Amino acid sequence: MGFEYKQLDQFQTMKQVIDFMEKRLQVLLKSGDHRAVFQRVYLLMTKEMQQRLSSDFFRDPIWMERVLVCFAGFYFKAIDSYKNGSPCPPAWELAFRRAG
């Protein structure tokens, strides 16, 4: 896949996460990788959360953005670990294996 995720603090904003997700989705789609389905859903959810961050939906949008960015980092790390044959969390491993 050409988009290795190096560290959990690589991203600081939702925009950075969304840009990376969009690029990764295109790579998955182009290669016919079935994990593109989950990537697309996660991207849509992330875009929705970004809209809510700027709409007073959350009491503390700065904190919530940090949580969302951090969680995305866990996802990126898991998908790259699975791709490289390294251990990843069992729930992610099962999802990636089933998608394959």
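Author: A crossing is left-handed if the near helix is turned anticlockwise from the far one by less than a right angle, and right-handed if clockwise. Helices (H or I, at least four residues) are DSSP runs, numbered from the N terminus. Here H1 passes H3 in a left-handed crossing. This is a predicted model, where local features need pLDDT of at least 70 and side-chain atom pairs count only at pLDDT 80 or more, while totals for chains, interfaces and linings use all residues. Residues are numbered from 1 along each chain as its sequence is written, and side-chain values use heavy atoms, without hydrogens and water.

Reader: At what angle do the axes of H1 and H3 cross?

Author: Two packed helices are described by the angle between their axes and the distance between the axes. Axes are lines fitted to C-alpha atoms over the stretch in contact, with angles from 0 to 180 degrees between N-to-C directions. H1 and H3 (residues 61-83) cross at roughly 30°, their axes coming within 9 Å. H1 is therefore roughly parallel to H3 (angles under 35 degrees; over 145 is roughly antiparallel).

Reader: Which residues meet there?

Author: With contact meaning heavy atoms within 4.5 Å, Met14, Val17, Phe20, Met21 and Arg24 of H1 meet residues of H3 including Leu68, Ala72 and Phe76.

Reader: And how do H1 and H2 cross?

Author: That crossing is left-handed. The axes of H1 (residues 14-31) and H2 (residues 36-53) come within 10 Å and cross at roughly 160°, so the two helices are roughly antiparallel.

Conventions:
Angles under 35 degrees count as roughly parallel, over 145 as roughly antiparallel, 65 to 115 as roughly perpendicular and the rest as oblique.
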